[in-house]
Amino acid sequence: MTALILTLLPLSLPWAGAAAAAEGKPAVTLSKSQAGTGGSITVSGSGWRSRTLLMLLVCGRATPARGVVGGTNSCANGDGRAVTTDADGRFSRALPVAEPPVPCPCVVHVATATGAKAQADAVFQVAGHPVEPLPAQTAGGRLSVLSDTRLDGSGGLLTWFGAPPSRTLAFTVGNVGTAAVKDPVFQVGTAHGVFAPQWDERQWHGTLGPGEKARVELPVELTAGAHGDYTVSLKYGGKVLAEQPWGVGRPWGVTLFWILLCLVVPAAVFRVGMAVVDRVRPRHAARRPARTPGRRRRTETTPPRPAPPTPNATLPWFTPDTGPGGPAGRLSAPHEDRPASPTTPTTPGRKGST
């Protein structure tokens with residue numbers, strides 16, 4: 001019976017897509033209903049908004065009726081493709097076939113990436129990939145936030161230099177429904193200023209029975225270099241459950257880095273330029289101080305002039321003899337009147353002493 005359904009299903013896909021397009025709803029058709037890993041298929045669509053960016057993914061544990069159980073965590077996100085619709089809301093794009101992280105049944109999931117939410121699924125079988133039944137649907141489960149949300153964590157040195165800021169959104173949730181909820185998928189959105197939030201799916205692993213509550217912690221991360229006032233929102237089942245403000249400080253380390261770069265680079269360029277100029281500059285011998293021609297001529301031809309004599313003080317006993325009987329201009333030393341010695345001859349005409 002299953003083989004017959006799989007055989008007839010590809011024949012009904014084009015008719016289903018045409019009917020959806022006729023009603024003005026987004027529709028998706030595939031060139032092949034089954035392919036192996038490494039191959040590719042062509043995905044076509046119609047009925048979408050014009051000039052809209054779409055994401056194409058191969059997802060497991062999904063059917064067009066129930067959608068993708070577990071959100072995009074059940075999809076081969078690394079092999080997805082993006083496409084923009086034309087003015088008529090149509091598109092056609094080749095999609096590589098990849099195995100999703102969970103078993104089939106599988107679909108090709110097409111959803112809008114920007115603007116109003118819209119999505120459509122087309123049944124697809126990945127050849128050789130395991131197939132398991134879908135988990136039981138729990139329509140009676142309903143979650144509610146029982147405590148105030150808070151953001152745990154703080155920035156570090158890397159965040160100060162522009163690393164992506166990250167926090168943990170912590171809250172207590174309780175099941176106020178009549179059925180158990182297993183592995184609920186929350187949506188965490190971050191909005192900056194007046195802009196619309198960007199939603200990311202976060203799955204919490206666990207089961208909550210009726211009346212039970214549990215502590216849930218979901219990671220939240222912004223882009224690199226983000227700063228300013230942000231708002232973190234929590235959504236489940238299409239309903240916003242809580243909002244939490246988040247003030248992100250400016251990464252001053254990046255500003256400091258650019259200031260240092262603007263100072264260091266010109267200084268380094270200047271030093272390199274001066275080194276190059278000093279290397280290419282011609283070398284000259286050291287010049288001696290030039291002498292004037294007149295000084296050189298006087299040094300070579302004229303003998304050195306003797307220094308003028310300094311006037312010496314005349315001693316009193318070398319003064320000129322100006323007394324009577326002395327020759328004018330003769331110098332004489334002073335003498336003393338002493339008795340002649342016995343050996344000194346006497347002058348004739350005088351008697352010696354007896």
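Start by selecting Glu221 in this predicted model: the residue is exposed, because its relative accessible area is 54% and exposed means over 50%. Glu221 sits in strand S18. Now show its surroundings: leaving out residues up to four places away in sequence, Glu221 touches Pro164, Pro165 and Ser166.

Next, the cores. Select Phe171, Phe186, Leu234 and Trp246: within the largest nonpolar core, which has 23 residues, these four touch the most other members. To see where that core comes from, colour strands S11 (143-145), S13 (166-175), S15 (185-192), S18 (213-221), S19 (228-236) and S20 (239-248), each of which gives two or more residues to it. Then centre on Phe186. Beyond its neighbours within four places in sequence, its contacts include Leu143, Phe171, Trp204, Val216, Leu218 and Leu234, and also among them are Asp200, Glu201, Arg202, Lys235 and Tyr236. A second, separate core holds 21 residues, including Leu30, Ile41, Val58 and Cys106.

Stay with Val58 for the next stop: its bridge partner in S9 is Val108. Widen the view to strand S4 (residues 53-59) and strand S9 (residues 106-112), which pair in the antiparallel sense over six bridges.

Finally, show the whole open sheet, five strands in the order S2-S10-S9-S4-S7 with mixed pairing. At its edges you will find S2 (34-36) and S7 (81-84), each pairing on one side only. Direction ignored, neighbouring strands of this sheet are turned by 35° against each other on average.

Technical notes:
Residues are numbered from 1 along each chain as its sequence is written. This is a predicted model: local features need pLDDT of at least 70, side-chain atom pairs count only at pLDDT 80 or more; totals for chains, interfaces and linings use all residues. Side-chain values use heavy atoms; hydrogens and water are left out. Two strands pair if DSSP finds at least two bridges between them. Helices (H or I, at least four residues) and strands (E, at least two) are DSSP runs, numbered from the N terminus. Axes are lines fitted to C-alpha atoms, for helices over the stretch in contact, and angles run from 0 to 180 degrees between N-to-C directions. A nonpolar core is a set of buried Ala, Val, Leu, Ile, Met, Phe, Trp, Tyr and Cys residues joined through side-chain atoms within 4.5 Å. Buried means under 20% relative accessible area, exposed over 50%, partly exposed in between (1.4 Å probe, protein chains only). Contact means heavy atoms within 4.5 Å.
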